[in-house]
Amino acid sequence: MELPPGELFLVVCPHPDDDAVGCGGTILKLLDAGKKVRVIYLSIQEGNFTRKARLEEIHRALDRMGVTDHMLREDDFPSAREATDIVVRELGKRYDGVFIPSPFENHDHHLRTFQACAEALRRTGTGPDIIMYEVWGTLMPNLVVPVSNVMERKLAAVREHGTQCADIDYVRLSRGINGYRAAASALDGYAEAFMHMDAPTLLRLFS
């Protein structure tokens, strides 16, 4: 599919950089098509860098993707209740689609983000499409979005997260998984893969 259906989208990320790596190409395509995309980060990474330097990276990466609507929680990862409350408030905006980490991620914060999103959907009874992305663990996709025409712009956004790429080569990771997803779907170039389903189905499968 060239794009997921809808006009208004939310991207929920455990940390800054998960959006660029997991679904940056699709975000770029949505914005290029005139859709509205809001990105929220539940926490900021810690490491051998200053907060100022990290914030500058984050904003440069957002600029690369053309994202102007975002929220960054400049703190450690929130409690389960606080994370759920954040997502509940966001769901009041009635998004057509919400990008979240998949339940197959091999990272505690990603799994906790998925759980917070699922609980927020249960609590609110809202029904946006859920579009699960992959960073730390491959998923079983039922939606593949070709991103060859925006891949270099995606990688430029990933590179802006220099403090994170210093530890793990996220540019290589993105090329590898997006190249694999395209090849596995008999597509040229690159593609991003997702699990796409409505909210009731997600709650039924993963409660």
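This is a predicted model: local features need pLDDT of at least 70, side-chain atom pairs count only at pLDDT 80 or more; totals for chains, interfaces and linings use all residues.
## Cysteines

Let's start with the sulfurs. A disulfide is a covalent bond between the sulfur atoms of two cysteines. Searching the whole structure turns up zero of them. Take C13: its nearest cysteine sulfur belongs to C23 and sits 6.1 Å away, while a disulfide needs the two sulfurs within 2.5 Å. C13 is also buried, with 0% relative accessibility.

What about C117? Its closest cysteine sulfur is that of C13, at 9.7 Å, which is too far for a bond. C117 counts as buried too, at 3% relative accessible area.

## The nonpolar cores

Which residues touch the most other members of the largest nonpolar core? Out of its 35 residues, those are V11, F99 and F194. The top contributor is α1, which supplies six residues.

F99 is worth a click in the viewer. Setting aside residues up to four places away in sequence, F99 touches P4, F9, L10, V11, V12, C23, T26, L30, I131, Y133 and F194. That list takes in V11 and F194, the residues named alongside F99 for touching the most core members.

There is also a second, separate core, made of 30 residues. Its members include L42, L91, Y95 and I130.

## How α1 meets α5

Two packed helices are described by the angle between their axes and the distance between the axes. For α1 and α5, the axes come within 9 Å and cross at roughly 130°, so this pair is oblique. The crossing is right-handed.

Which residues make the contact? On the α1 side they are A20, V21, G24, G25, L28 and D32.

## A closer look at G24

Is G24 buried or exposed? With 0% relative accessibility, G24 counts as buried.

Beyond its neighbours within four places in sequence, G24 is in contact with D19, M65, K154 and E192.

Terms used
Residues are numbered from 1 along each chain as its sequence is written. Side-chain values use heavy atoms; hydrogens and water are left out. Buried means under 20% relative accessible area, exposed over 50%, partly exposed in between (1.4 Å probe, protein chains only). Contact means heavy atoms within 4.5 Å. A nonpolar core is a set of buried Ala, Val, Leu, Ile, Met, Phe, Trp, Tyr and Cys residues joined through side-chain atoms within 4.5 Å. Helices (H or I, at least four residues) and strands (E, at least two) are DSSP runs, numbered from the N terminus. Axes are lines fitted to C-alpha atoms, for helices over the stretch in contact, and angles run from 0 to 180 degrees between N-to-C directions. Angles under 35 degrees count as roughly parallel, over 145 as roughly antiparallel, 65 to 115 as roughly perpendicular and the rest as oblique. A crossing is left-handed if the near helix is turned anticlockwise from the far one by less than a right angle, and right-handed if clockwise.
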